[in-house]
Amino acid sequence: MKKALFPGSFDPLTNGHLDMIERAAKMFDEVIVGVFVNTSKKNLFTADEKVELITQSVQHLSNVKVIHQENQLTVETAKELNVKAIIRGIRSVKDFEYERDIAQMNHHLNQEVETIFLLAKAEYSHVSSSLLKEVLYFGGDVSVYLPPIINEALARKSETDGF
């Protein structure tokens, strides 16, 4: 069985992320979306909220499951899950350089796991969760870049938390 791990903070999951998951699901028998902690980011959603929202967003993909991991390296999680491939998305040259460094460190830590880069589709190459949060903060409409369930959750969070 060929399994892949698609790790990220996914705060929020975007259509670009969803596109990567759907494409990976065609290449692997099982894709595990890992909700990991990014210590340099401030989150809108809790880990449990993200797992639930992502699970709902990928329910049409029978070979995708969602997990939460907050206290170990991605390659250690991959090893525990018997995953041989880590999926990472590339939007730009800047992303490539950052992701290349992570891939090389992951390879140093575990030579059994390969990183596979998927290029973002043109319509998503400028979209990041951080950028969307910034636009949302100032009242902009980013719904075209979000799965409907995520957009609805952001609207509810905006009403209750006033971000």
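Serine 9 touches Val35, Phe36, Asn38, Lys41 and Lys50, once residues up to four places away in sequence are set aside; contact here means heavy atoms within 4.5 Å. The model is a predicted one, so local features need pLDDT of at least 70 and side-chain atom pairs count only at pLDDT 80 or more, while totals for chains, interfaces and linings use all residues. Residues are numbered from 1 along each chain as its sequence is written, and side-chain values use heavy atoms, with hydrogens and water left out.

Serine 9 sits in the loop between E1 and helix H1 (15-27). Helices (H or I, at least four residues) and strands (E, at least two) are DSSP runs, numbered from the N terminus. With 11% relative accessibility, serine 9 counts as buried, whereas lysine 41, at 35%, counts as partly exposed (buried is under 20% relative accessible area, exposed over 50%, partly exposed in between, with a 1.4 Å probe and protein chains only). Lysine 41 belongs to the loop between E2 and H2, and its contacts, leaving aside neighbours within four places in sequence, are Ser9 and Ser130.

Both residues also turn up in the UniProt record, where an unreviewed entry lists Ser9, Lys41, Thr74 and Arg88 under "binding site". The lining of the largest pocket includes Ser9, Lys41, Thr74 and Arg88. As for terms, UniProt positions follow the numbering used here, feature names are shortened, and annotations may be inferred rather than shown by experiment. A pocket is an open set of points on a 1 Å grid over the protein atoms alone, where a 1.4 Å probe fits, with protein on both sides within 12 Å along at least five of seven lines; lining residues have an atom within 4 Å of a point.

Now for the sheet. Its 5 strands form an open sheet in the order E3-E2-E1-E4-E5, with parallel pairing (two strands pair if DSSP finds at least two bridges between them). Strands E3 (64-69) and E5 (114-119) stand at the edges with a single partner strand each, so one side of each lacks a neighbour in the sheet. On average, neighbouring strands are turned by 30 degrees against each other, direction ignored. E1 (residues 3-8) and E4 (residues 85-90) run parallel and are joined by 2 bridges; leucine 5 has isoleucine 86 in E4 as its bridge partner.

Helix H2 (residues 47-57) lies across E2 (30-36) and E3, at about 175 degrees to E3. Helix H4 (residues 93-109) lies across E4 and E5, at about 165 degrees to E4. Axes are lines fitted to C-alpha atoms, for helices over the stretch in contact, and angles run from 0 to 180 degrees between N-to-C directions.
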